[in-house]
Every structure is written in C-alpha cells, then in structure tokens.
Amino acid sequence: MRKLIGALMPQRRADRTAGHPGTRLTAAAVVATASPLVVALTAPVQAEAVTAVPQIIPAPASMRTVPGKSFTLTRATKIVVASRSRDAAGVATFLAGLVRPSTGYRLPVVSGPAGSPHAISLRLTSAAGLGTEGYRLDVTGGGVQIQAATAAGLFYGVQTLRQLLPAKVEARSVRPGPWTVPSVHIADQPRFAWRGAMLDVSRHFFTVDETKRYIDEVSLYKINVLHLHLSDDQGWRIAINGWPRLATYGGSTEVGGGQGGYYTQAQYKDIVAYAKKHFITVVPEIDTPSHTNAALASYADLNCDGKAPPLYTGTNVGFSSLCVDKDITYRFLNDVIGELAKLTPGSYVHIGGDEAHSTPLADYVKFIDRLQPIVHAHGKNVIGWNEIAQADVKPGPATLAQNWSIADGTKPVGNALATAAVQKGVQLVLAPANHAYLDMQYDKDSPYGLHWAGYVSVQKSYQWDPTTIFTGVTEKNVRGVEAPIWSETLTKIHEVEYMAFPRLPGIAEIGWSRQQGRSWDEYRTRLAAQGPRWTELGVNFYHSPEIPWDQVG
C-alpha cells in the first residue's frame, strides 16, 4: 500500500486506473551421517547435485538423503496416528483425502504406534525440540514418520511429504503409479511466526469458494495467516448486524461498477473454519480512517457534514475519512470490531490506517489513539499499516505495524516509520511493495496488475531479507512477512493466481527459511519443479521466462 501521511513516503498510487550420502541438500547446512538427524537451523545452501535433490519450497532447515532407499505408497499403506489428538487425526484425514483422488487408494486412518510397518505415522511429541510449528520427517524403505509438538507441525510435515510425492498426486482423477517417496531425514522449523498472504476482497469481491481455493493454494507453502481486506472505498464485504446497510448497500458494487457482494456472518465463519483446518489464522481488516467511502455512503451520520456521498467505483485513494470528532464514529467502530471479534478466533484485528490523505495528521493520531482501546476491549491485538507508528501505539510484542514501504532490497535504507515503530517497541510485518506486492506487474506486458511500485519480477520478489531491508531493523524487531494482493485489476480467482504464482512461494520461503545461503540460482530450479504440480492443481500460473520450467523431468 500506500502513501504516508505527512508525505514521509512515496504514494502507493495516485490513480489506479493508470543424491549422494552426506550430500548437502537445498535445505541442509549440517549433514548428519546417521539417524537421528543432527539439526542445524540454518539457511538453504546450494546443493552439490541439484538434480538429485528433493525440490521443496520453503527450503527445510536441515535435510539429508539416503541413496538407494525409498518408500512406495500402495493400497496396503495405512496412516497411523500415534497420538490421542483430534487435531492430529484431522491432519491424517487431510492426508488421506489428498492422495485418494490421484492414487485411487482409500488409505485407512488408524491408531497405533509410531513406526508401524508400511505406514505413514503421525506423532505428537515435544522430544523433536523444533518449537510449535516445526516437524521432523523421516522416510525409509519401511515407512514414513512425521513428528511434531503440535498438529500444526504435523500439517507442515505433511505438506513437505506432499512435495516429495510425484506432482501427479495433485490430480483429481486416478493416475498410474508408482507413488514413490525418496528416503530423506528432515528437521525443520520456521524462521518467523507470521507468514501471511493478504487477499483484497473489497475492490473486487471473491466468493467463499474462491477464497477457499486460495487457502488451499497458499497452505501448500506453509502460509499461516490469511489477511482479509474486508472494507474499502469500493465495497464493504462483511455483514454487521447492528449496521446492515454496510453490506447490503456498501457492498453492492466494486471497481468498475460490478455487482460486488459480501459475506454473511455464517459465510465468514465458514472461511475462518476452513482456514483453521489448514492451520491458517484469519486476520480481518476494517480499513480506517480513510478507505471508508462504502461505509460513509451507507450511513450519513458517519460523515462530518451528515451527508452521505455516492458509492464509489473508481481507483483513487486517500479522499475519504471517518469523522474523527463525532462520537458515533467510535460507537460504529466498537460495534463492528465487537462483532468481528466474536466471529474471529485469532488474536488480531487489522485497523488499516494507510493513505489517510484527507485526515490532518493531528486528527489521524487522535483517531488511532482512540481506536486502539476499542480493539483491546474486545480481546484482540492491533495490527495496522505502517502509518500507525505516528500515533501513540502501545509498545510490546502484541501490537504490529505492517510496513509496505518501497525499499532497495540489496542494502538497508532508512525508513522513518520503521524506525518509529521499533523505537516504540512495536514489531514489524514486512511487505515492501516493490518486492512483496503480488498485484504489481511482472513487466510491461503483464495483462493484469499495476506498476506504481515498479515492475516486480520473480527474482526481485525473492531477493530481499526482512532483517536487512531497513536500517536499524534486526531479527528481534520482525514478526514476519506478508504477500498482499490488491484487486483493482483482478476480477476472478484465476487472475489472482496468475499474479500470485510463481511469486508467492518465494515470499513464503523468506518467512520460513533462514536467509544465510539463500540463492536465486538454486531457488529458481526448485521453483521450476512446482510447475507440474500447479498444472495438476489447475493453478493459472505465469510461466515466467526467468524460471527453467522445461528442465523439470
């Protein structure tokens, strides 16, 4: 996003119309010579024999192959849950459902000991020592074992196992085998806790099924946050019982004048529940105080002059503002955030805060300072776009500032809002527009997207690090990364897919894998291996000439 209040940043957009034993693998920095694997949580390094290496994204922290050994999935394979956990059983059921259409195998999910013969075993154990989202994956000729401290870790281990299987496992109809998995020993855990994907459903509305499809796609790469941009000038997308016209009127249009749409509360809860099954937390955003024309058009009293503006279907930004000095503004926000808080089990509500060009800075600061306690009163933590660092944001590990500033990427640059947030003890979620914004065009010939932050190639989207992008920002200041996708030019989910893939997996890897040793030349080979998988899944991905798609066997 966006232009900083007080002209501290460039404007987001002025007008949006305009294998060998002991081989060091892609994810290994330390090679163990025997199991159990010695874990060294460092970055991926370039493999000595890339063609023999499992091509996994995000790169695991540590991985070792055992040549000449493999496991083959057959009709006799069982999925064994070695823990009394409903969530672990849910992961097992997910795996069984994943492989059934392509293999034709109805693999039973049963209870039993870890290491059962010819089985895929899922076990919850704290002995793995890999944190709340880490996992250990061991594949031998006799079976597969995935161990983790939590069901989330098991799920991420299953997603890695998925990439070890042939790409045709993603097919929706029966394909011939064999379904062979190479023998590997992996110990893995994420670098950052926040690995997000943002979907803008306000400029153009995306249905429940379209949103679920995006959840399916991003979860493959261990994304754990879905940031839903639910309100903007062009549309309000969530039903609020106390303010029904927000959805029925404010949600009745979109960019270009289409019919828009909105989620009922039951539909929103369905999305939240579906995301939870993929170990993704939904973070709802109600953008304030600007980007609010849909709300202002729905209720005249929210305007300072008491007059409702017409609905808006263009692409300008920064012209709208809630009335900072009216008490009804805060009753409105209390009601909206209260209802959202009840619908959303996650701990964050996103308050927006960007591009408030028509709100004087003093009023902006006063507004943010009044809004924070409302969010906290409903049991949620605050996240906002980087401009909120201008206000008296409360310090500590809970409040987050999402920084979308344009940055060099190859060397640290000064950034006033990043500095302000860090000085106030507020951690950052990094989403630099000229690297992480998936709606930026790849090049001048891209059929969708914008380029106000420049053209963003696949290489450019991958080659940056959250802890060296801004001067004074270190690992302890960063909660994670996010890949936003704005929908001014995107009307259908297949258009979203075209812009997200192949760039989103790179942002996911930046959030999961260590920086040390990450290499574009090595990564692009692993990325190429995802192409056949996306083809089987029906993902409408961009065949970037930067990626050696034709070198994949």
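Where is histidine 118 found?

1. Histidine 118 is found in the loop between strand 3 (109–111) and strand 4 (119–124); helices (H or I, at least four residues) and strands (E, at least two) are DSSP runs, numbered from the N terminus. Its phi is near 45°, a positive value in a residue other than glycine. Histidine 118 is partly exposed, with a relative accessible area of 27%; buried means under 20% relative accessible area, exposed over 50%, and partly exposed in between (1.4 Å probe, protein chains only).

2. On the basis of this note: the model is predicted, so that local features need pLDDT of at least 70 and side-chain atom pairs count only at pLDDT 80 or more, while totals for chains, interfaces and linings use all residues. Residues are numbered from 1 along each chain as its sequence is written, and side-chain values use heavy atoms, with hydrogens and water left out.

3. Glutamate 355 also has a positive phi, of about 50°, although it is not a glycine. This residue is found in the loop between strand 13 (348–352) and helix 8 (361–377), and glutamate 355 is buried, with a relative accessible area of 0%. Two cis peptide bonds deserve a check: isoleucine 57 to proline 58, with omega about -5°, and threonine 288 to proline 289, with omega near -15°. Most residues other than glycine have a negative phi, and most peptide bonds are trans.

4. Aromatic pairs number 27 in a search of the whole structure; rings of Phe, Tyr and Trp (its six-membered ring) pair if their centres lie within 6.5 Å, and planes under 30 degrees apart count as stacked, over 60 as edge-to-face and the rest as tilted. The ring centres of tryptophan 243 and phenylalanine 332 are 5.1 Å apart and their planes stand at 75°, so this pair is edge-to-face. Tryptophan 243 lies in the loop between strand 11 (235–236) and helix 4 (245–248), and phenylalanine 332 in helix 7 (residues 327–343), so the pair ties together parts that are 89 residues apart in sequence. Tryptophan 243 counts as buried at 10% relative accessibility, and phenylalanine 332 is buried at 1%.

5. Glutamine 427 lies in strand 16 (residues 426–430) and is buried, with a relative accessible area of 16%. Its side chain reaches the backbone oxygen of lysine 476 at 2.9 Å. A polar contact of 2.7 Å joins the side chains of glutamine 427 and arginine 479; such a contact is a pair of N or O atoms within 3.5 Å, where, within protein, one must be able to donate a hydrogen and the other to accept it, and residues adjacent in sequence count only if both atoms are side-chain atoms.

6. The charged end of arginine 370 sits over the ring of tyrosine 330, 3.7 Å from its centre. Arginine 503 lies over the face of tyrosine 442, at 3.8 Å from the ring centre. A charge sits over a ring if NZ of Lys or CZ of Arg is within 6 Å of the ring centre and within 35 degrees of the ring normal.
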